[in-house]
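Here are my notes on the charged side chains. Please read them with the structure open.

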Amino acid sequence: MKKQKLSSSSSSSSSFHSDRENSNNPFDALSDEIVFLILDHLLPRSLDAKSFSLVCKSFYSIESLHRRHLRPLRTRHLPSVLSRYPNLSRLDLSLCPRVSDSTLDLLSSFPSVSPSLRSIDLSRSRFFTSSGLSSLALRCSNLVDVDVSNATDMRDAGAAALAQAKNLERLRMTRCKMVTDIGIGCVAVGCRKLKELVLKWCLGVGDLGVGLVAVKCKELRTLDVSYLPISNKCVPSIVKLPYLEDLFLEGCYGIDDDGLAVLKDGCNSLKTLDISSCQSISHVGIPSIGSGYASLKHLNLSYGIPVTPTLADGLKKLSMLQTLKLDGCMVTISGLKALGDCCASLTEISLSKCAGVTDEGLSFLVTKHGQLKKFDLTCCRKITEVSIAHITRSCTALTSLRMESCTLVPKEAFMLIGQRCAYLEELDLTENEIDDEGLEYISRCTRIRVLKLGICLDITDKGLSCIGASCPELIELDLYRSAGVTDTGISSIARGCPNLEMINVAYCNGITDTSLAALSKCSSLNTLECRGCPLVTSVGISAVAVSCRQLTKLDIKKCGNIDDSGMIPLARHSQNLRQINLSYTSVTDVGLLSLASVSCLQSMTILHLKGLTASGLAAALLACGGLTKVKLQTLFRSKLPHLLLNHLEARGCTFHWRNKVFQVEVDAKCWKLQIEDDNTVE
């Protein structure tokens, strides 16, 4: 089989092939194409790719030549990393707290990077200026995708620098609040090949900037101008975009019914339209949507127009509409019934937090839309078992059902879900009356992957054991404040759901180390939330740390029996840990300092650690080189040296100071009395 051409240097390539030819490893007989196909299957699991590269020198070389995507944690390692991976096309620096101009200069001048780099993500990075962006744009001539979202200090000069990337096709600038029409005008003139432009929350950009983009960038497929201070003036230019498919106008108060009327005269290719939170749009403008967008597939009207027969009439001509979002809208019974008689192609409807949703209207709606696959009824507090009966009888192909806080739905209704909705993959029953018998029926949904049972006070280990026995594909389980669950139920889940990635057992005060020992067998676990579990100790945390090497988020707040002896195994084995909450634990300076060896650690919340001193905290903060966010008590602000704080902030770390008084336990069912200052949120 012909060898695949590699873009690395000829000397390293020939040396690599020579080594393979002289090797006795039978794997070396495979062609590059076959080996690369094998590595393609490992891409979603970076740890597997890393393990592959550590097998032998040959595998190390193969993996180096194959890798196209890199997401480093530190910019200081870039020179050696870029040397190892010569064929990179996508570089994600969003985890690097500090990306300076010198870093961008290094990237753009690196021989193997400048010709191959096509995508760079700077969405959470700071400290670069227009100078660094200019180097990047000029030297990386094949760059087609740039994300500078959240660059709140970037001004027009930065946008002008990006405009030098003549081949740019995708540019995301969310929350670049200092950029004005001048900067966007430069982008419009310089980047004529743009297909996607996101300007959400760019508050300095108005009609002039958006109009210039629409006039100059005729290749645009996606345009997001949400929350911009624009008006109807720029709409005539937008409608002339011949290939526009996705238009996001969320929160654009200056767009009204007249603007929608103009839109209907163009944008024949439009497939997605978001006019949620557009308070100036009324039912008068809706017919413009129905008559102008025959190809529309996704429509978001959330937090805006009331759902009435008039609205439904305006949507009747949308024969291809698949998704309709009406979150937060006032709903009438007649409106829901009218919706039932239109948009026959709908597969997803969202009525989250809609006031006025009742059994009568909802039952009629689902009877007419039996092909629904996703249905969101979050906080529809007036529906009862009548609605559930109609939903499960009519919409048997549902893959996602969200019904958090549907408090009038009785226990018996949940049995219908298990009996009739065999294809469910996501089910949110947070704060509902479901009990063990209901869970037994839900366990018949053997394809379920996401199950949320927070604040379900009537479920116990018996029901959870049914889930563990029948739902092997479960990857996310939320049991927040479901106090009837103990070690027996969690152990059943761990045995039956080996691919579990996330579990929340916060304030399930019957949970002990036995549960964590069982969960340690779930090697894919990346998120563990067990705050408010007083019986969990360092022994349980150690078990998870040793076996769950993909752990990235750990919340052990108010686990008072966890101390330094639990931190040391975390520091040694949990090298992928990025976020940890240690508040109200028994961790001291020693345990906190040990976490400095976790190179991925970026976020720490450390409130009310009795054994923590100012000197120990200072040493730990200085040693944890990758921190980007730290939550601390206000009292430490005056105790830490100002030079230290300035140094850490210059390194890219943001401090969130909290003036919180110690929280007191008052209720046996795990509810908390939180005594804290006003306007304080953790």
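1. R402 and D376 form a salt bridge, with the closest N and O atoms 3.9 Å apart. The term means a side-chain nitrogen of Lys or Arg within 4 Å of a carboxyl oxygen of Asp or Glu. R402 sits in strand 14 (residues 400-402) and D376 in strand 13 (residues 374-376), so the pair ties together parts 26 residues apart in sequence. Strands are DSSP runs of E, at least two residues, and helices runs of H or I, at least four, numbered from the N terminus.

2. R402 is partly exposed at 35% relative accessibility. D376 is buried at 12%. Buried means under 20% relative accessible area, exposed over 50%, partly exposed in between (1.4 Å probe, protein chains only).

3. This is a predicted model: local features need pLDDT of at least 70, side-chain atom pairs count only at pLDDT 80 or more, and totals for chains, interfaces and linings use all residues. Residues are numbered from 1 along each chain as its sequence is written, and side-chain values use heavy atoms, leaving out hydrogens and water.

4. The whole structure holds 17 salt bridges. D145 pairs with R170 in one, at 3.3 Å between the closest N and O atoms. D145 lies in strand 4 (residues 145-147) and R170 in strand 5 (residues 170-172), so parts 25 residues apart in sequence are tied together. D145 is buried at 10% relative accessibility; R170 is partly exposed at 28%.

5. A salt-bridge network links D145, D147, E169, R170, R172 and E196.

6. E360 and K337 also meet in a salt bridge, 2.8 Å from N to O.
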